[in-house]
6 protein chains.
Amino acid sequence: MFHHQKVLQYPAKPDKPDALFAKQMQEILGGQYGEISVALQYLFQGWSARGEEKYKDLIMDTATEEIGHVEMIATMIARLLEGAPVNEQEEAAQNPVIGAILGGMNPQHAIVAGLGPRPTDSNGVPWNAGYIIASGNMLADMRANINAESQGRLQVARLYEMTEDKGVRDMLSFLLARDSMHQNQWIAAARELEEKNGIIVPGSFPKELEADNFSHSLINFSEGEESKEGSWANGTAPDGGTFKYEEAPTAHGEKQELNPAPEYMYPK
Amino acid sequence: MFHHQKVLQYPAKPDKPDALFAKQMQEILGGQYGEISVALQYLFQGWSARGEEKYKDLIMDTATEEIGHVEMIATMIARLLEGAPVNEQEEAAQNPVIGAILGGMNPQHAIVAGLGPRPTDSNGVPWNAGYIIASGNMLADMRANINAESQGRLQVARLYEMTEDKGVRDMLSFLLARDSMHQNQWIAAARELEEKNGIIVPGSFPKELEADNFSHSLINFSEGEESKEGSWANGTAPDGGTFKYEEAPTAHGEKQELNPAPEYMYPK
Amino acid sequence: MFHHQKVLQYPAKPDKPDALFAKQMQEILGGQYGEISVALQYLFQGWSARGEEKYKDLIMDTATEEIGHVEMIATMIARLLEGAPVNEQEEAAQNPVIGAILGGMNPQHAIVAGLGPRPTDSNGVPWNAGYIIASGNMLADMRANINAESQGRLQVARLYEMTEDKGVRDMLSFLLARDSMHQNQWIAAARELEEKNGIIVPGSFPKELEADNFSHSLINFSEGEESKEGSWANGTAPDGGTFKYEEAPTAHGEKQELNPAPEYMYPK
Amino acid sequence: MFHHQKVLQYPAKPDKPDALFAKQMQEILGGQYGEISVALQYLFQGWSARGEEKYKDLIMDTATEEIGHVEMIATMIARLLEGAPVNEQEEAAQNPVIGAILGGMNPQHAIVAGLGPRPTDSNGVPWNAGYIIASGNMLADMRANINAESQGRLQVARLYEMTEDKGVRDMLSFLLARDSMHQNQWIAAARELEEKNGIIVPGSFPKELEADNFSHSLINFSEGEESKEGSWANGTAPDGGTFKYEEAPTAHGEKQELNPAPEYMYPK
Amino acid sequence: MFHHQKVLQYPAKPDKPDALFAKQMQEILGGQYGEISVALQYLFQGWSARGEEKYKDLIMDTATEEIGHVEMIATMIARLLEGAPVNEQEEAAQNPVIGAILGGMNPQHAIVAGLGPRPTDSNGVPWNAGYIIASGNMLADMRANINAESQGRLQVARLYEMTEDKGVRDMLSFLLARDSMHQNQWIAAARELEEKNGIIVPGSFPKELEADNFSHSLINFSEGEESKEGSWANGTAPDGGTFKYEEAPTAHGEKQELNPAPEYMYPK
Amino acid sequence: MFHHQKVLQYPAKPDKPDALFAKQMQEILGGQYGEISVALQYLFQGWSARGEEKYKDLIMDTATEEIGHVEMIATMIARLLEGAPVNEQEEAAQNPVIGAILGGMNPQHAIVAGLGPRPTDSNGVPWNAGYIIASGNMLADMRANINAESQGRLQVARLYEMTEDKGVRDMLSFLLARDSMHQNQWIAAARELEEKNGIIVPGSFPKELEADNFSHSLINFSEGEESKEGSWANGTAPDGGTFKYEEAPTAHGEKQELNPAPEYMYPK
């Protein structure tokens, strides 16, 4: 069960409106790695957690925080849209700055949302749950989370470069910090789990059922041998095995051929 | 540029057809973490790589292999579908085993594909490119790849439990092994990059622009303090900072309020 | 069965082309509340209607009209796109007005449709049937229709502000009128049904099976008590009950905990 | 900013597992009118509200409650999935009851989520933000909310019929009650707003700009005159106008014809 | 503008209900090549047609007919769903036939639509406009139409095999006939246009701007030379050129390499 | 199994960067008829082919080539994006050319991909597998392929008009040529198959089961008789029958009416 507090976790006040940046900022609200993604991913992971309580609690702490980040960014976008000159066609015809705003802004910000945020990415594609994962395997999910916070912080960093508004940058500096923490915490949790369950997910699958002569070979499917020099082709692998390099792929299977289709499927 | 060899990388021959398992196996073909996802994710990462050649080559080696895994699973599904009794309604009415197959199988396997594989997940949802990422940041992408191979191997392990067909299990044992290798290699590559660029992505964002008093705090947004006991709330964080635990969240911002909408947006 | 008459229900002639407005107008063609949505929603409702004939006939009257509205807007967009300067890169480099059109217009209007309308919203997202509902409950569907016509008319009103083209505005003034009628008619129909079946959908669900001590309480989950002052927290509710206000939420359930996962699901 | 309390708002305990009902119950979790939809719709409406505080507070109260309903249903689904016999192929071959479960259950419940809930509808289609609306017009949004709670309660009522599990039915009886309240409250709020702004959304659009001779006519586009007898074709309309009935549609426009395409669009 | 006649174009009466077949039949209603696809594809093509009137008229004749086919199939599905035993869990536990129906039917047919048709495919994926095309090039669109009617008729033929209900088969025999006609007519129209504009779309693109030494070569990218023996590798090509066969692909380009990314994109 | 060669099939070097054209070019990478579509469509067709080897080999030759075309276009887009002025807000405020680029470019090219290509269309909508078909009927699939190459070449031709960059145009001239070849080859293969199996797909469905009095009639559903004059309404049809023209549609069916819904579906 949740409770809502009306003061934001951190200020979300731009120095001045900027309808084009409002469009760009949608990416970290409703994009693949936006705040809706992490909020819902963590909620589903937390609600599905079937193991040790401390992981579940950590996940729910973070999930709950992230709903508040959705709120902050939604608020920032609404404020960036204030006064957008959507009805100033005549001015736009004479003033190329206004013209560029009208041509470049997200039309749904005006038509659909009346100058509010949208649950979409920066191109207007609606958020969908295909972006998220809650797998029922804690280490797998920690890795999903490390990935999400890495991509998310990267996008925030790029947005930081794409504006000079001090208010916007202040909020982004906070998000950068929280994404640092979240990378830190998921990495720490993953390391704990790797120590317990091994480096390969899922750790409990019986090794003897795996075709393990294929478990440590880098196979050279792409012309060039630069990859041969990496730490992934020589020496000890993270799971303790020994990396090998195969100079050319071998086809172990049979020809890709199928039996004829039955007549009732109308192949002709 | 690519070349195609007709013999499969590994055998993809079931002992006998099984239309229900063909439906389930679609998950690792066209699901969120199926082989289409890793193939296209790695291709886009490889083609977008703007840095050191050895990473690009490693990615292209793996990407190219994965197209061949799509091929193997597509082949297996086609073979599992052979002879599916889709036109045996009368038999089905009397034989509950046939009835269960007709009721449970993916109707598109017959109607749309004429007993062939579909580019969808196990529920028939078409694969879409919102599943993948190529970010232009090598460490971020390595983490996406570790995640993808972890989720992917987990799903293969579960499918292994859901069939007793020796031919299917043989192919799955190979995929499990390759997913082990791919986890190993992406982890090895990520470790290299972390040593160079730091543990937090992106490593090159200036630390002084981050609100760093928020970079190491676990905030207790969810009732219960189990999370306080984890390695993520005490001691040294992966990036070298010191974890803190905040017993209760603080609201640093202002009230979530917006200015009135202009009349031309018709708020009333 | 349908018949098509070639003259449009109302003129769809812009005074002059405007490729940017063509992009914006897509919202009321193929957006969430565009004309494709209402046409197909009403068609499916009409075809699924299992009750009194007069509702079914009303729905089919309106559904059929709406296909003609899709036609009008599609026509308007095609005409707004005439002569779009998509091959005038050189001019664009010198003339910022042409440059803004090339940068701001929907690229698919040229590349995919050859200067025709698209079955998408104003950001180019394809229309999908997840926007619509035909529930088999007449009052529920009337409410879906009141909502659709309200959102639709709102969007048309906003578009009216975003152009000064007299021909476009003339067509929009017609659509505004029809949306007024459609709001009027669905409200009238809903009132009839509410009188028969009660205000709460579905009216026929036995009241005694509902946990009715929770049916009239506004619970204060969000800080602040402004909501306490509304007509929804005091006095008689629309269904005849008495509204209550709970100052703080009560948790009636058990702790959100799950049993451990079985080993064959590989939780580790 | 949000806070999370671990005890559920209401019990979510089935009497016994039922993997097939877990699949069906997904509809009210991640379907078009499931709890994710109302939670996110209300959050976006609340965060975008630019008017009177009491509406915003009401919306945020309800939004926050709905996140807790997502939690309850997610929990129920996880519990319904416990012990699902996904690895019992041999038993299934002999026991048609187990066979029916294996054939009928959602394969992603096992393969992807390890016996946890999924952010999808009952057919496995991921939730997407195209289901929701936050329009910036309070009355329009109240109507969206009345619709959502009506469809939602209807679906819960149908699910109630589709199970005989007492624990499941107990939770559904609570959801039915809360949906009753939410219908009540949105209707009350809508009535307030209609009194202030008029029955037609948006109320502030100048009537004189609407082609008002078309604002009260039911036009008989579909064979049969049953619709002529309804309250929507006679007497006073909800907005105070007088309904008219047109026995046959009139085409007021011009022929649907376009000018030829320019050669650079390659029409040939 | 459209008019609706209440009698169906052809009978849509099953001999008896069959909820499983109702699910399968959804494919030709709301699937990739279902009737919604052809109806909307032809409507958009007709409304976008900028050339000779006779093509536009042909397209609009067919488009209008197809809306009536959507109506027929929607009606058939509604009738197949009548009396579906969705509330007979107890019977289902004892009667495997009822159990199979409950496990195999589309849950949304009951929960969402109250035993009505859905605008989705046979797996419940909503129809979307990404299935259709209206390109502004008449020959290209005729080819899209030939394809759509070929896939559509194939699916109808397969469904014919999957039922033994005489009423259903009677309607399918009509759809098979209309799909034959539509294949015939689009082929006839395409031949006319090919005679005027040439076999290659678009015919008006200047041949001298094409790298025409690559316009007639089959390149052997896939191991094996079976393709060398086809009519596509020898003799005169449909456009009058001469087919060539290249035994091995040649790479004419440069190495796939990119310049380094700028620092402000945070590649590290 | 596949192998990768690092030199591109054809040069993909623009004369100079152009972030706006990079956005437009996405259409032929990740749009409905972009190279991802043809690559994956042909792969699935090839892997599903259950008949004569020469068709399968032809398809796999072409499929493999198309993966290389995805590579070329991805490379071109990455190069067009080099140096995009995404962090030059100040300059943009003064220089309308830079302003137009910032407003018009795809924000995800910077924020998500760090100046790399995206697996989306020109509006940023992710590619999805609903675009493709592999039907298990060779002639149906050849027609899908003819259509895909026709739409694809049309889009390339339009893009050719929309740029004046010699390097870009050079690559497009190559793609135009390959699309010519692919149209040629699929047409040649289709003609072979039509000779064997007849012009109507599927050819093997028994003619006597089709309601063949409807197989050759053009029915005049749309006002106007221009369509009567076409080759599709007179003389011999492609399948050998004789075209007829019906001046007005006949309704052969019954009224579109349904039985009442059962109470347990809550129609009220």
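Domain bounds, as used in this briefing, come from an automatic or database domain assignment. On that basis chain A is divided into domain 1, covering 19-197, and domain 2, covering 207-246, and the C-alpha centres of these two domains of chain A lie 36 Å apart. This is a predicted model, in which local features need pLDDT of at least 70 and side-chain atom pairs count only at pLDDT 80 or more, while totals for chains, interfaces and linings use all residues. Residues are numbered from 1 along each chain as its sequence is written, chains are lettered from A and ligands numbered from 1 in the order in which they are written, and side-chain values use heavy atoms, with hydrogens and water left out.

**How the copies are related**

- Chain C is superposed on chain D by a rotation of 180 degrees with 0.0 Å of shift along its axis, and the RMSD is 0.0 Å.
- Among the residues of chain C, C:Tyr131 comes closest to the rotation axis, with its C-alpha at 3.0 Å.
- Chains C and D also meet through the same surface, because 100% of the interface residues of chain C are interface residues in chain D as well.

**How helices pack within a chain**

- Helices (H or I, at least four residues) and strands (E, at least two) are DSSP runs numbered from the N terminus, and axes are lines fitted to C-alpha atoms, for helices over the stretch in contact, with angles running from 0 to 180 degrees between N-to-C directions.
- In chain C, the axes of helix H3 (residues 35-48) and helix H8 (residues 138-161) come within 11 Å and cross at roughly 165 degrees, which makes H3(C) roughly antiparallel to H8(C) (under 35 degrees counts as roughly parallel, over 145 as roughly antiparallel, 65 to 115 as roughly perpendicular and the rest as oblique).
- The contact involves C:Val38, C:Gln41, C:Tyr42 and C:Gln45 on the H3(C) side, and C:Asp141, C:Ala144, C:Asn145, C:Ala148 and C:Glu149 on the H8(C) side.
- By class, these contact residues divide into 4 nonpolar, 3 polar and 2 charged, where Ala, Val, Leu, Ile, Met, Phe, Trp, Tyr, Cys and Pro count as nonpolar, Asp, Glu, Lys and Arg as charged, and the others, Gly among them, as polar.
- In chain F, helix H8 (residues 138-161) and helix H9 (residues 166-197) pack at an angle of about 160 degrees with their axes 9 Å apart, and that makes H8(F) roughly antiparallel to H9(F).
- The contact of H8(F) with H9(F) has 16 nonpolar, 6 polar and 7 charged residues.

**Backbone details in loops**

- The peptide bond from C:Val201 to C:Pro202 is cis, with omega near -10 degrees, and C:Pro202 lies in the loop between helix H9 (166-197) and strand E2 (217-219) of chain C.
- In chain E, a cis peptide bond joins E:Val201 and E:Pro202, with omega about -10 degrees.
- A:Leu115 has a positive phi of about 75 degrees although it is not a glycine, and A:Leu115 is found in the loop between helix H7 (107-111) and helix H8 (138-161) of chain A.

Note on methods
Least-squares fit on C-alpha atoms with pLDDT ≥ 70 in both. Contact = heavy atoms within 4.5 Å.
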